[in-house]
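The sequence and structure are shown first.

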Amino acid sequence: MVFLQKQFYPLCIIFQMTMNTTAPEVQLLYDLSETTFSNSGLSSSTSSQSIQILCSLLDTFTPADVGLKEENPIDDEGHGRVARCTQPITYLHIHECDGFTCLPFQAFYAYFYHVHKMCIFCFPTSSVIPLHDHPEMTVFSKVLYRSLHVKSYDCIEPTCIRESKEPGCPQVRLARLVMDKVFTAPCRTSVLYPKSGGNLHCFTAVSHCAVLDVLAPPYREDLGRKCTYYIDYPFSTSGNGAQISNGKEEDYAWLAEMETPDDLYMQPGVYVGPPIQV
């Protein structure tokens with residue numbers, strides 16, 4: 001807890017009363033997330049200070065903290081791209097309760113309905129989670145090992161909608177590019193917010209990798225938090241009449257909704273890291 005005390009001393013006194021500092025990192029993450037999100041429920045009311053504290057804790061995570069070992073998977077042993085792309089992304093469930101969601105990668109989003117969750121997603125090389133949104137959510141993402149490419153957008157407000165010229169896409173919505181970069185562990189935790197920070201993002205595994213995500217709150221369709229997938233088109237495809245106030249055309253794209261991709265290949269795995277004490 002030293003790293004917390006140095007930056008946020010008054011708030012950390014409260015955390016020290018409820019956290020055992022000798023507990024595993026994943027237990028501290030659960031305790032801190034429980035304290036941060038359970039009372040308010042919706043992440044929109046979460047303070048900036050609380051978010052920074054969570055990021056500081058996540059920044060310290062290594063694969064060993066969640067029972068992972070970085071190994072040499074089959075997809076890095078000379079097999080072709082076709083073989084790599086047919087390997088599934090593996091989901092490891094850690095915990096779920098009525099407050100937040102902890103995901104070492106987003107994949108089985110639509111299957112989890114509580115407000116608290118902790119889990120991990122492990123990617124083979126070249127695997128992809130297509131562009132998707134996070135309605136009314138704050139999401140913390142921490143790459144645990146190797147490299148992940150992230151491309152993210154925020155929709156323009158007020159909403160700008162055009163009739164699409166692309167076949168099968170009746171309407172498109174204007175969005176601004178927020179991020180297009182590779183995260184290589186060890187790296188800082190990234191955060192997206194309900195209306196900013198790249199709320200719509202796509203993940204592509206540059207190499208086999210694992211990502212720990214904390215969602216607050218998680219997807220829940222009956223409360224309006226449905227995961228929607230998108231495809232992005234260059235601004236020039238439907239740009240007639242649209243106004244750009246900042247940046248260049250290449251900083252913007254038109255997003256069209258799409259069905260959940262048939263080739264989104266997932267499989268459940270077994271979490272073998274430290275158990276969570278609720």
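In which loop is the place of Pro 158? Pro 158 is found in the loop between strand 6 and strand 7 (161–163); strands (E, at least two residues) and helices (H or I, at least four) are DSSP runs numbered from the N terminus.

## Basis of the model

The model is predicted: local features need pLDDT of at least 70, side-chain atom pairs count only at pLDDT 80 or more, and totals for chains, interfaces and linings use all residues. Residues are numbered from 1 along each chain as its sequence is written, and side-chain values use heavy atoms, with hydrogens and water left out.

## Backbone geometry

Glu 157 and Pro 158 are joined by a cis peptide bond with omega of about -5°. A cis bond also links Ala 185 to Pro 186, with omega near 0°; Pro 186 lies in the loop between strand 8 and strand 9 (190–192).

## Strand 6

Of the 9 residues in strand 6 (residues 147–155), 7 are buried (under 20% relative accessible area, with exposed over 50% and partly exposed in between; 1.4 Å probe, protein chains only). Strand 6 pairs antiparallel with strand 8 (residues 171–184) over 9 bridges, where pairing requires at least two DSSP bridges. Tyr 153 stands opposite Leu 177 in strand 8. Strand 10 (residues 200–205) is joined to strand 6 by 6 bridges, also antiparallel, and His 149 faces Thr 204 there.
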